[in-house]
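Here is a friendly briefing to read alongside the model. Please keep the viewer open as you go through the points.

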Protein chains: 2
Amino acid sequence: MVRGRDSEAHGPTWQVQAALIARRFYLEGRSKVEIADELGLSRFKVARILDDARELGLVEVRVNLPAPIDPDLSSALQERLGLRHAVVVQQPPQDSSRSTREELGRMAAELISELVTVDDVLGLTCSRTVAATTQALQTLAACPVVQLCGTLAGPDMEAGSVESVRRASDVGGGQAFPIYAPMVLPDAATVRALAGESAIKQTVRLFPDVTVAVVAVGAWRSELSTVWETVGALGRSQAGKAGAVGEIGARLFDAHGKAVRTSIDDRVLGVTLDQLHAIPEVIGLAYDERRAPAVSAAVQGGLVNSLVCDTALGERLLETAPERRPGRPGDRGATA
Amino acid sequence: MVRGRDSEAHGPTWQVQAALIARRFYLEGRSKVEIADELGLSRFKVARILDDARELGLVEVRVNLPAPIDPDLSSALQERLGLRHAVVVQQPPQDSSRSTREELGRMAAELISELVTVDDVLGLTCSRTVAATTQALQTLAACPVVQLCGTLAGPDMEAGSVESVRRASDVGGGQAFPIYAPMVLPDAATVRALAGESAIKQTVRLFPDVTVAVVAVGAWRSELSTVWETVGALGRSQAGKAGAVGEIGARLFDAHGKAVRTSIDDRVLGVTLDQLHAIPEVIGLAYDERRAPAVSAAVQGGLVNSLVCDTALGERLLETAPERRPGRPGDRGATA
DNA sequence: AGTTACTCTGCTCGAATGAGCAGCCATTTC
DNA sequence: GAAATGGCTGCTCATTCGAGCAGAGTAACT
């Protein structure tokens, strides 16, 4: 006689009930049977109302991160490039390099806080971003901290590599292994001479033991690498001809991430790309979309296997970087 | 200070992974086992990450209604007052009476669209809010529409009861039973005379058959009842002394919802409170918080058992109205 | 009016899930 | 040093959930 009156359409009554049920279920985390019993409905009806409500967009589930991380981009990058960790920091592109560096540094600091244990050996290259990272460091396991290359004697280099290593060592309480010497030296002889120095030798000897490295990835272009400025025009042209697209710790590499041998190499005091390659966890830091080719190459060549970058660079990487991992098993697009 | 490696705190890596998992689980609706298999984790770990994420507020579940309904208040009112249906329309208190009426009308219209079937008999009292309801009516079952009281001959009464009944009848296609007469008449003799008129008699005779009534609840105060103005000062003082707090269709009732007999009654052409009481579903419309005592009384007395109101009135009702044993929240007649 | 098609409802069964528990690893404390 | 402590991990079992199914009442169509 009487039809199902309360189930005609999705009118106000239905909405109110659906909202009530959704609240009980999602917010209060109660079970459907419980709700059904309470409201005098069958659990199936409750389930169906819940389904309808979700389909109608009545229930909105949002994933918000406390930190300014873009989770989708991060995951996409991680999968696409086959990275161990990927953290994309949401940063408006028009923001200054300085603020971007600081934001990246905060995130990288948290990342290594999370990652590094006492059993690790932390290695740091020289860069303003790495300096920002150590500045932002709040906690760190008491692990040895090794400087991976000499310091950059730039003008605004108030925070050089030595300071970074010191800072990390202070925060964590581990031993510091600094390198009191410039990264790029006048000639090979000076490099050899300094490499023989006792403290530096001790540090360099630890390079193979480094388990976690934090490195800045520079593009081999003006303004996108702190090293670019320090080598002469001769070195730049030589490197350009050899196909250099980026550098890590003044070690140049080409579009495939392979080392580019130039005369610069002999003048550099620091970790080599081969040594870098052997480090299990190398966290690359970079932030300008123009560095995409360099970062892409570094990832390709296995020089870095984790990445902290800004949104612009992350998006560019996702667009341009070649897939580095086989497609995942279940691409369940049309099946559901 | 050594902690478990990949699970120390809720750092960036954890956040990214948690966000990924939360997305897969909540947004894409995949199962935990599936996610666990894909990411190479145990399903327990996935569940724990999900729990932590929820506790951290990383996952935000919001219940949004398409219509401006306050679901919490509605549910609370429904339960508290033992109402069949309660719909609280979110409306800023400073909004004009007119816009509030229209909003209430829209919602009430949807409500009766949802509720009324061809087997019902719809009854309407006279009020601007009821007029707004029928104006907003889009669909309606082809049921008879009965005018429950005469029209109010106020100045701005462009939409009287007759028009409401016509409109509802037009939309639904059911038969209309209007009353072409004023609601409050000069004397009892006139009432008797009009009640004898053929068309009116036919309408009045249908009152006991009405199954769904839409009525406006007025407070027995100046400006809060359209009837207040139409009865003389004598009637007002008489009613006040008798304890009237509200009216429905010019029928006064006291704080307990009991009928208040005054000389006005004899001059009114329309449904009595006893008749109203017998109607299974009476939807009360009201919108000003100053009407709270009247609405509360009407609910207490069982004169209305569903309610459409605005936020201010709803909140006031929840604060002041005494708890009332919920009869049977929800379905009527649909007992399985 | 008869009949067909459909929607709504509640049930069954297998999969998914949550709570509690034991083992393990690492640190802390005596 | 060695035991105590605490957190993390994965397992078991009872509960809960979801997909599909059958019956009933309704709407539509002939």
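Predicted model: local features only at pLDDT ≥ 70, side-chain atom pairs only at ≥ 80, totals over all residues.

Residues are numbered from 1 along each chain as its sequence is written, and chains are lettered from A and ligands numbered from 1 in the order in which they are written.

**Confidence**

- The average pLDDT of chain A is 84, and 90% of its residues score at least 70; pLDDT is the predictor's confidence in each residue, from 0 to 100.
- Residues 1-8 of chain A stay under 50 in pLDDT, and the model gives them 14 contacts beyond four places in sequence. Two residues count as in contact if their C-beta atoms, placed from the backbone, lie within 7 Å.
- Residues 325-336 of chain A also have a pLDDT below 50, and this stretch has 2 contacts beyond near neighbours in sequence.

**Where chain A meets chain B**

- On chain A, 45 residues are in contact with 45 residues of chain B.
- At least two residues of the chain A side come from each of helix 1 (12-27), strand 1 (59-63), helix 4 (71-81), strand 2 (85-89) and helix 5 (97-115) of chain A. Helices (H or I, at least four residues) and strands (E, at least two) are DSSP runs, numbered from the N terminus.
- Helix 1 of chain A gives the largest share of that side, with 11 residues.
- The side of chain A that touches chain B has 26 nonpolar, 10 polar and 9 charged residues. Here Ala, Val, Leu, Ile, Met, Phe, Trp, Tyr, Cys and Pro count as nonpolar, Asp, Glu, Lys and Arg as charged, and the others, Gly among them, as polar.
- Strand 1 of chain A pairs in the antiparallel sense with strand 1 (residues 59-63) of chain B, over 5 bridges; two strands pair if DSSP finds at least two bridges between them.
- Opposite Arg62(A) stands Glu60(B), in strand 1 of chain B.

**An antiparallel sheet in chain A**

- Three strands of chain A, in the order 7-8-9, form an open sheet with antiparallel pairing.
- Strand 7 (218-219) and strand 9 (251-253) of chain A are the edge strands, each pairing on one side only.
- Strand 7 of chain A is joined to strand 8 (residues 246-248) of chain A by 2 bridges, and Ala219(A) has Gly246(A) in strand 8 as its bridge partner.
- Helix 13 (residues 292-300) of chain A lies across strand 7, strand 8 and strand 9 of chain A, at about 60° to strand 8. Axes are lines fitted to C-alpha atoms, for helices over the stretch in contact, and angles run from 0 to 180 degrees between N-to-C directions.

**A parallel sheet in chain B**

- Chain B has an open sheet of 7 strands with parallel pairing, in the order 2-11-10-6-3-4-5.
- Strand 2 (85-89) and strand 5 (176-177) of chain B are at the edges with a single partner strand each, so one side of each has no neighbour in the sheet.
- Helix 7 (residues 161-172) of chain B packs on this sheet and touches strand 3 (122-124), strand 4 (145-147) and strand 5 of chain B; its direction makes about 175° with that of strand 4 of chain B.
- Strand 10 (residues 281-285) and strand 11 (residues 306-310) of chain B pair in the parallel sense over 3 bridges, and Leu285(B) has Val308(B) in strand 11 as its bridge partner.

**Helix packing**

- In chain B, helix 5 (residues 97-115) and helix 6 (residues 128-136) pack at about 55°, with axes 7 Å apart. That angle makes helix 5 of chain B oblique to helix 6 of chain B: angles under 35 degrees count as roughly parallel, over 145 as roughly antiparallel, 65 to 115 as roughly perpendicular and the rest as oblique.
- The crossing of helix 5 and helix 6 of chain B is right-handed; a crossing is left-handed if the near helix is turned anticlockwise from the far one by less than a right angle, and right-handed if clockwise.
- The residues of this contact between helix 5 and helix 6 of chain B divide into 5 nonpolar, 4 polar and 4 charged.
- In chain A, helix 4 and helix 14 (residues 311-320) pack at an angle of about 40°, with their axes 10 Å apart, and their crossing is left-handed.
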